[in-house]
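Here are my notes on this model, point by point.

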Amino acid sequence: MSLLLVFLGFLGFIVGLVLIVIGLIKKKKMKGGLVLGISVVIFIVGFILTPVDGTESDKQADTHEKVETVTKPKEETPEEKAAREAKEADEKELAEQKAKEEAERIAKLEALKINGSGDTATKKFKLEKGFVIVDATHQGSSNFAVKLLDANANMIKLVVNEIGNYTGKKIYAVPTGEYQYEVTASGPWTINMSQEIPAEVAPEGKVAGTGDSVVFMNISKGAKTVAFTHDGSRNFVVKANDSVLLANEIGTYSGSKVQKVEDTSIYYFDITADGNWSMTFE
């Protein structure tokens, strides 16, 4: 732009001089002086704007080159390429392994879902050593009993034994093996099992619920005061880790006791109740 102004100023200067000469010859005013003055101003402005160390085109070329230098991606070395490809392969393998494990987990949960109607000897299923959470329902007016049998038809545990409609959760411990249930019912029923610690792990403190329930709580080691309340009319039983009996009462109850906790850990509680209940560790 600055060079263009210099050129236009110079050209205007020539035109102005020509007009002045013509005006002198013809003795007429040709406005040559005005054109000359404007041309001089344009020439001076263009000269001032002209870069000292190079033309504008050179400056623009340098700027363009700098932009290209900044934005041009760095070429990988063979070592960098090998490292990147190895990292991508590891990430892909890890993602595939996680997807496989999730698919196996879902398939296992589906295999531990059983439903039926009336008296039924269920299909056999496999359990790993540890706890088993049972989420059961029954729609009927008479006895609903769920007996856990081992591979030799020995009864291991009476998981549920209620009258009429039922919705509740139970938990118990088992060794690795093949099992099945013998269900006594007067209507449709469902049994869903899981051997995973649920996402809802309660912090040490107070928890409350209604009816048969399963609670996981994170408890620190030491001597704890454990308090319970229950407003039902039948059995109120609380067992920790299927081994420590914390409460065994009938009907309405409110009380507390001292319990020694050996290790800081997540503990599970099997609560049998027919009303509202609460449990507090502190």
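1. The largest nonpolar core in this predicted model has 22 residues. F125, V134, F144, Y172, Y181, I191 and M193 have the most contacts inside it. Seen by strand, at least two residues of this core come from each of β3 (125-127), β4 (130-138), β5 (143-150), β6 (155-163), β7 (166-174), β8 (177-184) and β9 (188-194).

2. In general, nonpolar side chains in soluble globular proteins tend to be buried together.

3. What does V134 touch, leaving aside residues up to four places away in sequence? The list is V159, G168, K169, K170, Y172, Y181, I191, N192 and M193. Among these, Y172, Y181, I191 and M193 also belong to the residues with the most contacts inside the core.

4. Another core lies apart from the one above. This other core has 20 residues, including V215, M217, A240 and F269.

5. Look next at A153. Its phi is positive, about 70°, although A153 is not a glycine. A153 sits in the loop between β5 and β6. Is A153 buried or exposed? A153 is exposed, with a relative accessible area of 55%.

6. N241 also deserves a look. Phi of N241 is positive, near 50°, and N241 is a residue other than glycine. The loop between β14 (235-240) and β15 (244-250) holds N241. The relative accessible area of N241 is 27%, so N241 counts as partly exposed.

How values were computed
Residues are numbered from 1 along each chain as its sequence is written. This is a predicted model: local features need pLDDT of at least 70, side-chain atom pairs count only at pLDDT 80 or more; totals for chains, interfaces and linings use all residues. Side-chain values use heavy atoms; hydrogens and water are left out. A nonpolar core is a set of buried Ala, Val, Leu, Ile, Met, Phe, Trp, Tyr and Cys residues joined through side-chain atoms within 4.5 Å. Buried means under 20% relative accessible area, exposed over 50%, partly exposed in between (1.4 Å probe, protein chains only). Helices (H or I, at least four residues) and strands (E, at least two) are DSSP runs, numbered from the N terminus. Contact means heavy atoms within 4.5 Å.
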